[in-house]
Amino acid sequence: TFEAFEKLMFFIYQKDIDWSGVTVPEMYDVVNLAERYIMPELMDEMVKQMENVPFANNDDLLNIAHTATEFNHLFPDVSSALLLSCAKFLQKTIPPSAQLQFAIDQSGTGKEATVLQLLSLAKDLPAVECYNCGDVECLDGQVVVGIDKFTVGLKLRVNYPGGYGGPNAGIVCTVESVNKNNKTVNVIGVSWPIVHQNR
């Protein structure tokens, strides 16, 4: 495309290249030119650009990852960098407990193999902080102990009967405020307000 050739010329003449707004397929047009004209420096630049592709949401993630798998046989280094970036985004945004359902939801879309490849890559990545509790080892399903573990916006599941949950047992609520001086936590999302006194 003209845009890809323009990026190639900018690179040759060391002009600043604005990659914002450039789609992944357009980036692959530049990759194709870098391969065709044997420009390893431009190919290295494209690997860096693929590592920093932004994702708007999970649908965007899947479309970008699927494009990467389609070009993987032609440009393995660039596609591997992009797929790894996709796997990191998946790992950060979809907790392990929801990844199976995410894969099932892609059934019949034609992207099933792409999802499995992403899940496989994400499984081998180093652990990241939980998107909810902030710990590397997620506290999902565990009793929260210590006022420092509570943060505004934290999602909690009320203990089941016998675990002091009463009529709200099993309901997911959100921490609304934390008073570390009084060691109290206010939550919303249950049928009656809970003020948890943490010792």
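A nonpolar core is a set of buried Ala, Val, Leu, Ile, Met, Phe, Trp, Tyr and Cys residues joined through side-chain atoms within 4.5 Å, where buried means under 20% relative accessible area with a 1.4 Å probe, protein chains only. The views below come from a predicted model, in which local features need pLDDT of at least 70 and side-chain atom pairs count only at pLDDT 80 or more, while totals for chains, interfaces and linings use all residues. Residues are numbered from 1 along each chain as its sequence is written, and side-chain values use heavy atoms, leaving out hydrogens and water.

**View 1. The largest nonpolar core has 42 residues.** Look for Tyr28, Leu82 and Leu118, which touch the most other members. Two or more residues each come from α1 (2-12), α2 (24-36), α3 (40-51), α4 (58-71), α5 (76-93), α6 (96-105) and α7 (112-123); helices are DSSP runs (H or I, at least four residues) numbered from the N terminus. The biggest share, eight residues, is from α5.

**View 2. A second core stands separate.** Cys130, Ile147, Val158 and Val175 are among its eleven residues.

**View 3. Here are the contacts of Leu82.** Beyond its neighbours within four places in sequence, Leu82 is in contact (heavy atoms within 4.5 Å) with Val24, Tyr28, Met50, Val53, Ile64 and Ala68.

**View 4. α4 packs with α5.** Their axes, lines fitted to C-alpha atoms over the stretch in contact, lie 9 Å apart at an angle of about 155°. The two helices are therefore roughly antiparallel (over 145 degrees, on a scale from 0 to 180 between N-to-C directions). Residues of α4 that meet α5 include Leu61, Ile64 and Ala68; on the α5 side, Leu82, Cys86 and Phe89 are among the partners.

Methods. Buried < 20%, exposed > 50% of the residue type's maximum accessible area, 1.4 Å probe, protein only. Parallel < 35°, antiparallel > 145°, perpendicular 65-115°, else oblique.
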